[in-house]
Amino acid sequence: MNTPSAPITQDVHTIPRKLPEGGKVNLVGLTREQLRDALIEAGTPEKQAKMRVGQIWQWVYHWGVRDFAQMTNLAKDYRALLDEKFEISVPEVVTKQVSMDGTRKYLLRIAGGHEVEVVYIPEENRGTLCISSQVGCTLTCSFCHTGTQKLVRNLTAGEIVGQVMVARDDLDEWPQPGAPKDETRLVSNVVLMGMGEPLYNFDNVRDAMKVVMDGEGISLSRRRITLSTSGIVPEIAKTAEEIGCLLAISFHATTDEVRDRLVPVNKKWNIETLLNTLRDYPRLSNSERITFEYVMLKDVNDSDADAKRLVKLIRGIPAKINLIPFNEWPGAPYQRSDWERIEAFADIIYKAGYASPIRTPRGEDIMAACGQLKSATERARKSKAQIASEAGL
Ligand code: SAH
Ligand code: SF4
């Protein structure tokens, strides 16, 4: 049997924030400290810097203002200075598709001409924005469309925050000055479940989430942010300590033999190592439970024995298990498990005392469902045979 030869380590870089000579620095995505430093460097007196940060922060992240001229509580010549040195820019929307079920998918263009996809999923009492952390992914999970994309680059913190801002623009969610405070939130939750492995771009993801969580701006609570990882063990404790958001793990298999094939990073950090690290997460992050994501692949990982092994493995970890019916993509070497099989699997888990929701595929008609994301410009697709051989089929 062939084993995947794909890289399981990080070998990408972020496009540096520093722009070509004369280019303006984008303020979006800077942490408060970074913004302060940038303002001082641009000539803001140190004594005023903290106040200016607070004012600009509120304009950008509370009101959604993109133009310094609108920042009316700043002196005119200071606004002109800001405009000369800085910009407030978010990724450009190339296309927007709206699914029959209301799901929206945006294709965004970022520096260098690369593209990422962002998905907005409206539900009855919340709206979830699924954002990306990388263009492509260095990992090559054999059931994932993103993993077949060759080009990979990390997103900057600004490009990550920018995805949230673009969605708020499109949903017209910035507050109106003078209007009564509206507590309903269209983007009420953010999940880092789009393209890329967020823990292979840790610093940018952390800084971006700090901006998104900041109480004087977009102000999403850390409990409304879920980071999904394939299991980058050394970064998991850091996620608890430095971000404190909820964690989801792409688990997908109950033996190392199968997980090695589905999630090749398992060869580096196997099931036992991963679970040992996860046992500490709820305490470290002061959060309730971990979500185990489990993609349902016909005759691969969906037997009763798998379900029983799964509950045994995670015993002692406060958890819920999110079953994801496999979403097909062109050339995919797997099939979705039958519905009765998924329900039987869910039932075993539920009877063992765990919530076992089955994730209803959303936005399938626009290829917006989990694992289907892959920007249209990236055409260097692996052949079906190559995918199958890497999957050990
Ligand atoms: N790289 C991160 C986050 C992005 S993927 C991670 O792997 O966790 C978000 C979820 O969708 C993961 O659980 C992933 O395994 C799952 N997924 C990927 N491809 C899928 C597919 N074709 N069908 C269903 N789920 C898929
Ligand atoms: Fe990367 Fe996640 Fe897809 Fe695996 S499932 S290839 S880690 S995006």
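Predicted model: local features only at pLDDT ≥ 70, side-chain atom pairs only at ≥ 80, totals over all residues.
**Entry 1**

**Entry 2**

I next followed the chain around the helix. Strand β12 comprises residues 290-296, and strand β13 comprises residues 319-325. In which sense do β12 and β13 pair, parallel or antiparallel? They pair in the parallel sense, over seven bridges. As one position in this pairing, I noted Thr-291, which stands opposite Lys-320 of β13. From β12 the chain passes through helix α10, residues 304-313, to reach β13, and this β-α-β crossover is right-handed. I also checked how far β13 is covered. Six of its seven residues are buried, so the strand is largely enclosed by the rest of the structure.

**Entry 2: Ligand 1**

I turned to the ligand and asked how many residues surround ligand 1. There are 21, and the closest are Gly-196, Ser-228, Ser-250, His-252 and Asn-327. I recorded which strands contribute to this shell: β10 (225-229), β12 and β13 each supply at least two residues.

I listed three polar approaches to oxygen atoms of the ligand. A polar side-chain atom of Ser-228 is 2.6 Å from a ligand oxygen. For His-252, a polar side-chain atom likewise lies 2.6 Å from an oxygen atom of ligand 1. For Thr-229, a polar backbone atom is 3.4 Å from a ligand oxygen. On its own, ligand 1 has 530 Å² of accessible area, of which the protein covers 96%.

I then consulted the UniProt record, an unreviewed entry, which places the feature "binding site" at Gly-196, Glu-197, Ser-228, Ser-250, Phe-251, His-252 and Asn-327.

**Entry 3: Glu-117**

Which residues does UniProt list under "active site"? The unreviewed entry gives Glu-117 and Cys-370. I examined Glu-117 and placed it in strand β5, residues 115-122. Its relative accessibility is 5%, so Glu-117 counts as buried. I also found a polar contact of 3.4 Å between the side chains of Glu-117 and Lys-105.

My last entry concerns the strands β3 (92-98) and β4 (104-109). They run antiparallel and are joined by six bridges. Within this pairing, Glu-92 has Arg-109 of β4 as its bridge partner. Five residues lie between the two strands of the hairpin, and Gly-102 takes a positive phi near 95° there.

I finished with Thr-103, which lies in the loop between β3 and β4. Is Thr-103 buried or exposed? Its relative accessibility is 0%, so Thr-103 counts as buried. The side chain of Thr-103 makes a polar contact of 2.6 Å with the side chain of Asp-101.

Terms used:
Residues numbered from 1 in each chain as written. Chains lettered and ligands numbered in written order. Heavy atoms only, no water. Buried < 20%, exposed > 50% of the residue type's maximum accessible area, 1.4 Å probe, protein only. Helix = DSSP H or I, 4+ residues; strand = E, 2+ residues; numbered from the N terminus. Pairing = 2+ DSSP bridges. Right-handed = clockwise from strand over helix to strand, strands pointing away. UniProt positions renumbered as here; feature names shortened; annotations may be inferred. Polar contact = N/O pair within 3.5 Å; in protein donor to acceptor, adjacent residues only side chain to side chain. Near = heavy atom within 4 Å. Areas by Shrake-Rupley, 256 points an atom, 1.4 Å probe, with all protein chains shown as cover.
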